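Subject: The two-chain model, with notes

Hi,

Here is the structure I promised to pass on.

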Amino acid sequence: MKRIFFSMLGVVLTLALCTSVMAADYPKKPIKLIINFSAGGTTDTAARLMASKATEVLNQAVICMNKKGAGGTLGVSEVARARNDGYTIGTCNMPAVAIIPQIREVPYKPFEDLIQVCALMPYEYAILVRGDAPWNTWEDFIAYVKENPGKVTYGSVGTGTTNHLVTARIGKELDLDWRHVPFQGGVKATAALLGGHVDVINNTMASVVSSVRAGKIKALLITSENRFSATPDVPTMKEKGFGFSQISYMSVVAPAGIPEEARKMISDAFKVAAEDKGVIKSTGKLDLHPKFMDGKEYQTLLESLAKEWGGLLKELGVKVQ
Amino acid sequence: MYEILIEAASVSLTVNNLFGAALGIFLGSLLGAIPGLNGTMAIALLIPITYTWTPLFAISMLVGCWKGSVYGGSISAILLNAPGTPEAAPTAIDGYALTKQGKAGKALKMALFASVTAAIFSDSLLMLVAPPIAAMALMFGPAELAMLIIFALVVVSDTGSGSQVKGLMSTALGVLIATVGLDPITTQRRFTFGSLELDAGIGLLAMLIGLLVMSEVLIQMEEGWKDVKSRGIKQSTNPADQRVSWQEFKSCIGTIFRSSCLGSFCGALPGVGSVTAAFIGYDQAKKMSKNPDEFGKGSLKGIAAPEAANNAVCGTSLIPLITLGIPGALSAAVIMGAFMIHGLAPGPMLMQEHPATIYGLFMILIVSDFFMLIIPLPLMKIGQWIISVPRSYLFPIILILCSIGAYGTHQSLFEVKVMVLFGIFGYFLKKWGLSPASLLIAFILGPMIEVYIRQALRISGGDPTVFVTKPIAGFFLFLTLLMISWTVYKNMKNKNSNRE
């Protein structure tokens, strides 16, 4: 009985996933996309939406699998280990290649074992406070921190994440005396902010935008490059005179040495997906904003980011090797 | 308001959606009942194929699947002493005792009635008082959670063990094993011995399958070895042994109510979860009971209590999800994905922007609670047939399913190795009279205590008085101390009376 059920489940899943016809050359069979975060998160949702569009373009199924853990590095290492025939690709975040490998050993060389096929969506971040906090602007807040040294706590989604590093760097540049509290992921950081257990957090906008609209959370400063559509009045870090931003894209990576033709086809298909009206509409409902960037360009950006953050890691004492 | 409710009913209570919920419950209880597989796995498998469906159909199916699996776990716990899901671990203690007495039907039905009652209770809280409960949940910051979890650990540490010392040994082992992996605060490696797979720590599911299911198979294989004629457990033919009478149910109502409250409370707090609820539920029933000696020997309350507690978690864990966009449990996090993929961003605006969908979901939840009464019945029949199957046929299949389950969690053979290792380890634990269940709960709670204490101290700037000066934290610390002193006092009294 159990086994019958399982074989049936297998058949149903296979049918649901393999709906495509064989193409002439590449891709000859379904492409596996390893999503390096858990099912149900923003990365997962955006990746799946774009993968289903890419499936149409490639005329071949792009099958999504989740391999989460260790800051996204487990999924990325699986891609690095895979055969470089173009049938295994994965999603990737900036820290998995540019930061974490500088903190601890990972089973891949980020710039040798992997190539960035294309970048699809910038993550959008902000410094957030509770809706009833006494500060309405970034200046108010900074003045308060300076007047109350050692009192203010800032939450991040974990040590060594961009959220932690950018906030710590802001603190260094402005000479702020505040304390870092790392949480296990954005959900817990948001809960701690809403409950008033920390004063401020750095988190992705998409995950809190509903609370922002309801007035329960205020954004003081957008730490990513551009202003956020739902909070057009909140300035960015650049506008406030900082020389850096919190830059991380959801990108598509492949094992190094995949055929150029395959790389191009995947990149083109995801370009169509990221610019597709339907995709933009569905991601827009969640306040996610896909933006395509060429793989080579992103790779160069990553290399410079790795250098930029490497020094800070050492200063903060999170750098081990 | 009425208009919204009518609209909600018209979009939600369609044949399609109800069928989705029913199918979800069936799949969930089936996968939950199979040792080695579980509902979170089922939900994760289902999510990609739900993307093309309407939101209500998809979400009602996923929630049904979750509810079903939480109940389903008790089927294998009761019949085989091999809990299909971690939250069913305490159910096995008394459930399997009843099965051995030939009263499997009674145990299964008690579990079902307790589950359904608690689910209705929890769903009603979700519908009626979600905002205040969400506000209460937010009051629990790191300091409060640290003390709450310490209290929970103290309460449950002797569950299932013969003696307190052995219970504490299992607990300490569990906490120790949980330290493997990246340090949660500084992300340094701890006890990974250079294995990168251990960075994420030892996988809960792989460990659980090994400790609870595989170890049981090994134990029973050994028993079968000694007794070649072992051909499964004979069930009583007396109908009174296979059903729950109204009297019996009534005697458990107090227990079910307390467990429902506990479970609902644990569900609303992000990250506390159904396993904790089930263990505390079992323990409160034992401590409140006039005859605590009955527990472990087939007490109906010992089944009703953990089952009510773990099922009550489902409804309320949707409260922080729907009101704040914060999922209260692992499965709720996966279900949040289903909301998102259908363009419903969970958070405070959800109720205002999509009231019909949310009220519709509530209605489906309540209706599906009643489905829960009927749908698992055929599974019970099959289950009862399965225990009469000779073990020599049954165990190889279970071991294969265990391997599939362990592999399936991360699609990695490493997890299968972890499972086998813990299977053998669990076998010895059981031989030595140490409880794998208390090891498991310590494994779950230990890291939470560590993280919350360290976070609380970071927030306070290293000042440990926060655990006393914050009222909620202080309250739980007081309860913990009370609990410990009470146990010490009781032990001393027993010692004295033994001497006399």
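Throughout these notes, two residues are in contact if their C-beta atoms, placed from the backbone, lie within 7 Å. Helices (H or I, at least four residues) and strands (E, at least two) are DSSP runs, numbered from the N terminus. A residue is buried if 20 or more other C-beta atoms lie within 10 Å of its own, exposed if 12 or fewer, and partly exposed in between, again with C-beta atoms placed from the backbone.

Please keep in mind that this is a predicted model: local features need pLDDT of at least 70, side-chain atom pairs count only at pLDDT 80 or more, and totals for chains, interfaces and linings use all residues. Residues are numbered from 1 along each chain as its sequence is written, while chains are lettered from A and ligands numbered from 1 in the order in which they are written.

Let me start with a helix in chain A. Helix H11 (residues 277-285) of chain A has A:Val279, A:Ser282 and A:Thr283 as its buried residues. They sit on the same side of H11(A), because the arc they cover around the axis is only 95 degrees (the arc is that of the directions from the helix axis to the C-beta atoms). A:Lys277 and A:Lys281 are exposed on the other side of H11(A). The cover over the buried residues of H11(A) includes H2 and helix H10 (260-275) of chain A. Just after H11(A) comes A:Asp287, with a positive phi of about 60 degrees.

As background, most residues other than glycine have a negative phi. A:Asn59 is not a glycine, yet has a positive phi of about 60 degrees. You will find A:Asn59 in the loop between helix H2 (42-58) and strand S2 (62-66) of chain A, and A:Asn59 is partly exposed because 13 other C-beta atoms lie within 10 Å. B:Asn81 has a positive phi of about 60 degrees too, although it is not a glycine. B:Asn81 is placed in the loop between helix H4 (55-80) and helix H5 (89-100) of chain B, and counts as buried because it has 23 C-beta neighbours inside 10 Å.

On to the domains of chain A. The chain is divided into domain 1 (21-122 + 248-312) and domain 2 (125-240), with bounds that come from an automatic or database domain assignment. The C-alpha centres of these two domains of chain A lie 28 Å apart. Where they meet, 15 residues of domain 1 of chain A are in contact with 14 residues of domain 2 of chain A. On the domain 1 side, helix H4 (94-98), helix H5 (100-103) and helix H12 (295-316) of chain A are the elements that give two or more residues.

Chain B has 21 helices and two strands. Its C-alpha trace spans about 70 × 60 × 50 Å along the principal axes. Buried residues make up 59% of the 500 residues in chain B. Of the contacts in chain B with a separation of 6 or more, 78% are between residues 24 or more positions apart. B:Lys297 lies in the loop between helix H11 (273-288) and helix H12 (300-324) of chain B.

How do the two chains meet? The contact takes 48 residues from chain B and 45 residues from chain A. Helix H3 (39-50), helix H13 (330-341), helix H17 (391-410) and helix H19 (436-460) of chain B are the elements giving two or more residues to the side of chain B that touches chain A. H13(B) has the largest share of that side, with six residues.

Finally, the largest nonpolar core has 269 residues, and those with the most contacts inside it are A:Met50, B:Leu62, B:Ala146 and B:Ile149. A nonpolar core here is a set of buried Ala, Val, Leu, Ile, Met, Phe, Trp, Tyr and Cys residues joined through C-beta atoms within 7 Å. Helix H6 (residues 104-138) of chain B gives the most to this core, with 19 residues.

Best wishes
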